[in-house]
Amino acid sequence: MAARGRPKATLELSDEDRATLERWARRPKTSQRLAQRSRIVLACARGASNREVAAELGVSEATVGKWRRRFVAGGVEALADAPRPGAPRQITDADVERVVTRTLEETPPDATHWSTRSMAAAAGMSQTAVSRIWRAFGLKPHLTETFKVSTDPDFIDKVRDIVGLYLDPPERAVVLCVDEKSQTQAIDRTQPVFPLLPGTPQRATHDYVRHGTTSLFAALDLATGQVIGQHRRRHRAAEFKKFLNQIDAEVPDHLDVHLVLDNYATHKTPEIQRWLLRHPRFHLHFTPTGASWLNLVERWFAELTTKLLQRSTHTSVQALESDIRDWIATWNENPRPYAWHKTADEILHALSEYCQRISDSGH
């Protein structure tokens, strides 16, 4: 039977063209559009049909046909964007690639990262042009973020356990996210804080006086958002056991108690193990090492910090503890539970892609 549809142009690659396309497709610094076009041409060169290439790369058949024809007509140069109307470009694709590559792979001799001014001087173009290129590629050399990939050998099992608990809590049970906010300081500024005024932000001295510390034990109810809190001056196993006693007293007897908590040593001592044997309705679920983001009480601690602790001043630990208790009481009057949305498979897939991207970057 004769093949249906418009006959496809014959596509053949020279060794030089193939090397160029493979470099563009693999190199993480290449424009995403150019990388995708290179992958389309390489797939077509293997003899795949437009439909097969479209399904493999997640694009439309029309897109595959367009770049197949463009390559046959003009070679690798035809994969670049067509000239736009208006004044001729002063900055070529090669200039753009040079700036992007230099931003990602080099540092200036006198700094840890590039500024638009230093890159403009090094690249021989205007500061405005560098700024536009960085915005187009989402490059922000002045910013840095922290991260940590858990090395826990039981990471996958623990993620599935805790996320399963969040998305499908057991019946006749309460799920509590538990942690300690340790060494919270009672801080007072050395001079009075000036209040907010029109045109003037609140002002506080940069130096402060410490008046001691306290540790806050907190348990966030997954379903209701309510918080059980307890202050202790230390956070040993003995203090953690007292907090467990408080949870046991406040949670109705007919409910099982599932605790999500980290791998802190005080949670696993023989004293705690003996307490758990005497209270069989308690079940512990440990987050993976280095993955505290799985514990929703950390999100609540962030609210406590930004809405109370960050700007408050206290002349004693007692005043700090009283302030925190009042804030928790206000929270519990109108609690806001946090909703977990991602499944364990989505989390593991995203982490796998992130690790693959890091691996492919050559670092």
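The structure is a predicted model, in which local features need pLDDT of at least 70 and side-chain atom pairs count only at pLDDT 80 or more, whereas totals for chains, interfaces and linings use all residues. Residues are numbered from 1 along each chain as its sequence is written, and side-chain values use heavy atoms, with hydrogens and water left out.

Helices (H or I, at least four residues) and strands (E, at least two) are DSSP runs numbered from the N terminus. Buried residues of H2 include Leu34, Ala35, Ile40, Val41 and Leu42, where buried denotes under 20% relative accessible area, exposed over 50%, and partly exposed in between (1.4 Å probe, protein chains only). Arg37 and Ser38 are also buried in H2. The buried residues of this helix pack against helix H1 (15-26), H3 and helix H4 (61-74), contact being defined as heavy atoms within 4.5 Å.

The chain comprises domain 1 (15-79), domain 2 (107-144) and domain 3 (160-354), with bounds from an automatic or database domain assignment. The centres of domain 1 and domain 3, taken over C-alpha atoms, are separated by 51 Å. An unreviewed UniProt entry annotates residues 175-320 as "domain: Tc1-like transposase DDE"; UniProt positions are given in the numbering used here, feature names are shortened, and annotations may be inferred rather than shown by experiment. Residues 175-320 are 27% helix and 32% strand, and their end C-alpha atoms lie 28 Å apart.

Twelve salt bridges are present, each a side-chain nitrogen of Lys or Arg within 4 Å of a carboxyl oxygen of Asp or Glu. One of them joins Arg46 to Glu56, with the closest N and O atoms 3.0 Å apart. Arg46 lies in the loop between helix H2 (32-45) and helix H3 (50-57), and Glu56, ten residues away, lies in helix H3. Arg46 is exposed at 57% relative accessible area, while Glu56 is partly exposed at 48%.

A further salt bridge pairs Arg98 with Asp95, again with 3.0 Å between the closest N and O atoms. Both residues belong to helix H5 (residues 93-105) and are three residues apart, about one turn of the helix. Arg98 is partly exposed at 36%, whereas Asp95 is buried at 19%.

Arg160 and Asp345 form a salt bridge with an N to O distance of 2.8 Å. Arg160 is in helix H8 (residues 155-167) and Asp345 in helix H13 (residues 344-360), so the pair ties together parts 185 residues apart in sequence.

The largest nonpolar core contains 35 residues, and those with the most contacts inside it are Val159, Tyr166, Leu296, Trp300 and Leu304. Such a core is a set of buried Ala, Val, Leu, Ile, Met, Phe, Trp, Tyr and Cys residues joined through side-chain atoms within 4.5 Å. At least two residues of this core come from each of H8, strand S1 (173-189), strand S2 (208-221), helix H11 (297-309), helix H12 (317-333) and H13. Beyond its neighbours within four places in sequence, Tyr166 contacts Cys177, Leu222, Val260, Leu294, Asn295, Leu296 and Trp340.

Ser215 lies in strand S2 and is buried at 1% relative accessible area. Residues up to four places away in sequence excluded, Ser215 touches residues including Lys181, Gln183, His231 and Arg234.
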